[in-house]
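Here's a quick briefing for anyone meeting this structure for the first time. Have a look at the model, then read on for the main points.

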Amino acid sequence: APGSAARRRVSALACAVAASLALSPVVWLHYLVLLIVPIAAARDRLGLVWFAPLLFWITPVTASNGSTWRIVLVLAVVAFTLVLATRPAGEPQAAS
């Protein structure tokens, strides 16, 4: 199918972004702007996935300072964003 090749490319891009974040010895909060790249590659219209990175505002500081809940929050938001970016978009509804 023609869409499956594009979906595989977006999934590969999302995996590359996830690997770059996971393999970095230190990840500052501003590194997470890389999450926009797979979102933009997968979605050309505004949707839920574009707002997922706003969940980072739950933690008001940029450093985790060893706080487990902040680390878990960042990991969960990164995973949530990448899963939303790589899942198939809903089919547009026909106007009645």
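A nonpolar core is a set of buried Ala, Val, Leu, Ile, Met, Phe, Trp, Tyr and Cys residues joined through side-chain atoms within 4.5 Å. Buried means under 20% relative accessible area, exposed means over 50%, and partly exposed is in between (1.4 Å probe, protein chains only). What you're looking at is a predicted model, where local features need pLDDT of at least 70, side-chain atom pairs count only at pLDDT 80 or more, and totals for chains, interfaces and linings use all residues. Residues are numbered from 1 along each chain as its sequence is written, and side-chain values use heavy atoms, with hydrogens and water left out.

**The overall picture**

- The chain has four helices and zero strands, giving the pattern α-α-α-α along the sequence. Helices (H or I, at least four residues) and strands (E, at least two) are DSSP runs, numbered from the N terminus.
- Of the chain's 96 residues, 24% count as buried.
- Take the contacts (heavy atoms within 4.5 Å) between residues at least 6 apart in sequence: 59% of them join residues at least 24 apart.
- The mean pLDDT, the predictor's confidence in each residue from 0 to 100, is 85 for the chain, and 90% of its residues reach 70 or more.
- Among the elements, H2 has the highest mean pLDDT (93) and H1 the lowest (89).

**The cores**

- The largest nonpolar core has ten residues: Ala14, Val17, Leu21, Leu32, Leu35, Phe56, Leu73, Val77, Val78 and Leu82.
- Helix H1 (2-22) and helix H4 (68-86) each supply at least two residues of this core, and H4 gives the most, with four.
- A second, separate core has five residues, including Ile39, Val49, Leu84 and Ala85.
- In soluble globular proteins, nonpolar side chains tend to be buried together.
- Setting aside residues up to four places away in sequence, Phe56 touches Leu29, Leu32, Leu35, Val74, Val77 and Val78.

**Helix H4**

- H4 has 19 residues and reaches 27 Å from first C-alpha to last, close to the 27 Å expected at 1.5 Å a residue. That expected span is 1.5 Å times one less than the number of residues.
- Its buried residues are Arg70, Leu73, Val77, Val78, Thr81, Leu82, Leu84 and Ala85.
- Seen down the axis of H4, those buried residues fall within an arc of 165°, so they line one face of the helix. The arc is that of the directions from the helix axis to the C-beta atoms.
- On the face turned away from the buried side of H4 sit the exposed residues Thr68, Leu75 and Val83.

- Thr81, in helix H4, counts as buried at 0% relative accessibility. Not counting residues up to four places away in sequence, Thr81 touches Leu35, Ile39, Val49, Ala52 and Pro53.
- Leu35 is in the loop between H1 and helix H2 (36-42), and it's buried, with a relative accessible area of 0%. Beyond residues up to four places away in sequence, Leu35 touches Val17, Leu21, Phe56, Val78, Thr81 and Leu82.
- Arg43 lies in the loop between H2 and helix H3 (48-51) and is buried, with a relative accessible area of 14%. Arg43 and Ala89 are 46 residues apart in sequence, but 7.7 Å apart in space, C-alpha to C-alpha.
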